[in-house]
Amino acid sequence: MAFQFSREAYDRRMSWYTEARFGMFIHWGLYAIPARGEWVRSYEYIPNEAYDPYMAEFDPRDCDMRRWMETAKAAGMRYVVLTAKHHDGFCLFDSAYTDFKSTNSPARRDFVREYLDAARACGLKAGLYFSLIDWRHPDFPHYGDKNHPMRNDPAYSNENRDFDRYLEYMHAQVRELCTNYGKLDLLWFDFSYDDLRGEAWKATELMEMVRSLQPDVIIDNRLEVSGEGFGSLAACKPTPYHGDFVSPEQIIPPDGLRDAGGRPLIWESCVTMNNHWGYCATDHFYKSAPMLVKKLVECVSKGGNLLLNVGPDAQGRFPAESQAALEEIGRWMRANSGSIYGCGPAGLDKPDFGRFTRRGDRLYCHVFENTIGPLPLFGLKKEDILSIRRLADGSEVPLSTSWVHSDYPHLAFADLGPDPVLPDAVDTVLEVRLRPGALPPEEK
């Protein structure tokens, strides 16, 4: 029977995800020990015999998955995604198909199970990242591959490598994750490139298996594309292995995303705090918490989610800079999360002072910088405004009656008072309650 896309089933599956808006990505594995990022094997052309010994050191005694999940929840995140296996092939779960796994390390721990148990205990939606590629598997292409550590060494010829045998291995591990760990909320595959995309992965067969075991799981679009490219759902020609959301990497789409028919797409921008996904001991170029708050707001204002990454160190600790930023983001979220959860584009032009988000007939004005004179509420009429309140404390913000904006009778202005310093220097949020119909219909 030919594949048929069901918009109703899709919308039902995605409802929690578009409500959540904010998640934590966690890249963690053996690469935390060399501490030069998760691509260290590829960048430094490290062979198996030089990389495998890291497993004998892998014993992160400070790794407390419950603490990780409590940190994510306190930051206002609603879902989490952990790397069950990255490109190096090391598994954080007890796979029956390889010895290269955390349960064989000195740790003797199934970190995927610990993580999922902790996430569920904290009320978080839980997902797993799984690399489609595996630099350690003998049947994955080596010489001439775009990314393999041995890509430039003719001694690693692809002769006698059986890619179908690799696919059996890869599919078997996905089956393990979908079978042995209870309900998964999200699967984050990574990634397709060159000729390795779509049916090269036997993607239809893979997805039929995944959907039979985890019918409600949400899946990214990287069976088809990578961080660039949108996929078949965006083209309005969904394949059986279409992505449920688009996954722009290290960029927030300039104008949000729409499919070929003009309909808004569901998307998630995955972003690092510094310049690496996995732990890098020398990378201290961290984005500030105020910047990250504003980037979260930007994603929501354009109809997207933010998946913000943490790369724990070899002992299982979040870097101090990440921990501090998450705590600061959490303080802002505790006061202002109503302008994030379940919100989306306002249907209005971006204001000079910051951004708009919206949920139904409630408009959220994110004021990043104050104005000279009262705050203009672009696109709103005074008669359509029922109330204005500061979201953080519920205090009333009156409409301005000042003479200074008498030349602009078509605009409503909010009176923030005489203090030019905003109550929240990062983002002061105003909740504007409007009469029904005052804003354009929300796009779904």
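This is a predicted model: local features need pLDDT of at least 70, side-chain atom pairs count only at pLDDT 80 or more; totals for chains, interfaces and linings use all residues.
## The H8–H9 helix pair

The crossing in which H8 passes H9 is right-handed.

On the H8 side, the contact is made by Ala-289, Pro-290, Leu-292, Val-293, Leu-296 and Val-297. H9 contributes Ala-325, Glu-328, Ile-329, Trp-332 and Met-333. Sorted by class, the residues of this contact comprise ten nonpolar and one charged, with no polar residue.

The pairing of E11 with E13 (residues 428-434) is antiparallel and extends over five bridges. Within this part of the sheet, Ser-387 has Arg-433 of E13 as its bridge partner.

## Ser-339 in the loop between H9 and E8

The loop between H9 and E8 contains Ser-339. Is this residue buried or exposed? Ser-339 is buried, because its relative accessible area is 0%, and the limit for a buried residue is under 20%.

Leaving aside residues up to four places away in sequence, Ser-339 touches Val-300, Trp-332, Thr-357, Tyr-364, His-366, Leu-391 and Val-429. Among these partners, Trp-332 is also one of the H9 residues in the contact with H8.

## The seven-stranded parallel sheet

A further open sheet consists of seven strands in the order E5-E4-E3-E2-E1-E7-E6, with parallel pairing. Strands E5 (218-219) and E6 (267-271) are its edge strands, and each pairs on one side only.

Strand E1 (residues 22-26) runs parallel to strand E2 (residues 79-85), and four bridges join the two. Met-24 stands opposite Val-80 in E2. Helix H6 packs on this sheet, where it touches E2, E3 (125-131) and E4 (186-190). The direction of H6 makes about 170° with that of E3.

## The H6–H7 helix pair

H6 (residues 163-180) additionally packs against H7 (residues 203-213), at an angle of about 15° and with the axes 9 Å apart. The two helices are therefore roughly parallel to each other, given that angles under 35 degrees count as such. H6 passes H7 in a right-handed crossing.

Which residues of H6 and H7 meet? From H6 come His-171, Val-174, Arg-175, Cys-178 and Thr-179, and from H7 come Glu-205, Leu-206, Met-209, Val-210 and Leu-213. The residues of this contact divide into six nonpolar, two polar and two charged.

Note on methods
Residues are numbered from 1 along each chain as its sequence is written. Side-chain values use heavy atoms; hydrogens and water are left out. Axes are lines fitted to C-alpha atoms, for helices over the stretch in contact, and angles run from 0 to 180 degrees between N-to-C directions. Angles under 35 degrees count as roughly parallel, over 145 as roughly antiparallel, 65 to 115 as roughly perpendicular and the rest as oblique. A crossing is left-handed if the near helix is turned anticlockwise from the far one by less than a right angle, and right-handed if clockwise. Contact means heavy atoms within 4.5 Å. Ala, Val, Leu, Ile, Met, Phe, Trp, Tyr, Cys and Pro count as nonpolar, Asp, Glu, Lys and Arg as charged, and the others, Gly among them, as polar. Two strands pair if DSSP finds at least two bridges between them. Buried means under 20% relative accessible area, exposed over 50%, partly exposed in between (1.4 Å probe, protein chains only).
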